[in-house]
Amino acid sequence: SDVYKRQGINAEYMGSNNPMSWLFGASKEETKKTVNPEQAMEELSKQIENSEKRQKVLEIKEKKLLQEALKLKKANNQRGAVLALKKKKMCEMELNKIDGMKLLMEKQLMQIQGAAFDEDIFSALTVAQEATKEATKDVSIEKFEILKESIEETQLDNEEKASYFRDIAQEGSEELMEELENLEKESVQKEVDKTIVPKKIIEKEYKERASKNKVVIEEKSDELL
């Protein structure tokens with residue numbers, strides 16, 4: 001395998017069933033692996049975190065190298081100053097590379113998260129669709145029509161029953177109203193009679209008193225004569 005590495009050949013390909021896979025690449029069956037999205041997201045998050053840690057280390061190292069280059073320059077050590085500055089540039093290039101790699105990993109992480117989210121939504125919609133189909137499997141337009149006709153017949157039957165009992169309740173209403181009007185007239189007549197009778201009695205008493213007074217006056221007149 002060391003020989004393969006020095007020649008730039010992947011030892012895994014040399015151990016595969018296809019002896020030419022090291023030259024043309026492994027077949028789809030050999031390279032295909034089942035990847036768990038959660039594991040992929042976890043691995044990407046881990047590598048992003050490691051990249052940020054490495055960036056912090058390189059940033060500290062870059063500052064130290066800059067300070068060292070300036071210090072060596074003041075000490076007239078031009079060769080040392082240039083070497084420190086070259087190391088600083090290497091750190092700067094590594095930081096830029098990590099920025100690009102981290103951006104790529106974050107993009108990939110977002111894509112996997114979006115795909116997982118889409119899959120969850122699709123699964124939820126599929127379950128909801130299956131539940132809807134299961135709930136409505138015994139429901140059809142024909143059954144709705146039958147149900148509608150049944151409801152209309154029931155309403156019509158109830159209206160007929162209500163009309164029947166209403167007619168029963170109103171039987172003889174006209175005769176009763178006529179009788180009630182007659183009773184009302186009689187009651188009014190009695191009230192009128194109550195006011196007339198006392199008047200006749202008063203007139204009678206008045207005439208009797210007037211007649212008595214006349215007799216008394218005549219008797220007194222006879223006595224005076």
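Colleague: Does Leu 147 count as buried or partly exposed?

Modeller: Leu 147 counts as partly exposed, at 47% relative accessibility. Buried means under 20% relative accessible area, exposed over 50%, and partly exposed in between, with a 1.4 Å probe and protein chains only. Please note that this is a predicted model, in which local features need pLDDT of at least 70, side-chain atom pairs count only at pLDDT 80 or more, and totals for chains, interfaces and linings use all residues. Residues are numbered from 1 along each chain as its sequence is written, and side-chain values use heavy atoms, with hydrogens and water left out.

Colleague: Where is Leu 147 found?

Modeller: Leu 147 is in helix H7, residues 141-170. Helices are DSSP runs of H or I with at least four residues, numbered from the N terminus.

Colleague: Which residues make the nonpolar surface patch?

Modeller: Val 139, Ile 141, Phe 144, Leu 147 and Ile 151 make this patch of about 490 Å². Patch residues have over 30% relative accessible area and no salt bridge; nonpolar side chains (Val, Leu, Ile, Met, Phe, Trp, Tyr) are joined within 5 Å and like charges within 9 Å. Areas come from the Shrake-Rupley method with a 1.4 Å probe.

Colleague: Which residues form the negative surface patch?

Modeller: Glu 174, Glu 175, Glu 178, Glu 179, Glu 181 and Glu 184 form it. Asp and Glu count as negative, and the place of a Glu charge is taken as CD. Glu 179 lies in helix H8, residues 173-224, and is partly exposed, with a relative accessible area of 45%.

Colleague: Now the charges: how many salt bridges does a search of the whole structure find?

Modeller: The search finds 6 salt bridges, each a side-chain nitrogen of Lys or Arg within 4 Å of a carboxyl oxygen of Asp or Glu. One of them joins Lys 88 and Glu 62, at 3.5 Å from N to O.

Colleague: Why does that pair tie together separate parts of the sequence?

Modeller: Lys 88 lies in helix H6 and Glu 62 in helix H5, so the pair ties together parts that are 26 residues apart in sequence. Lys 88 is buried at 13%, and Glu 62 is buried at 16%.

Definitions and conventions
Helix = DSSP H or I, 4+ residues; strand = E, 2+ residues; numbered from the N terminus.
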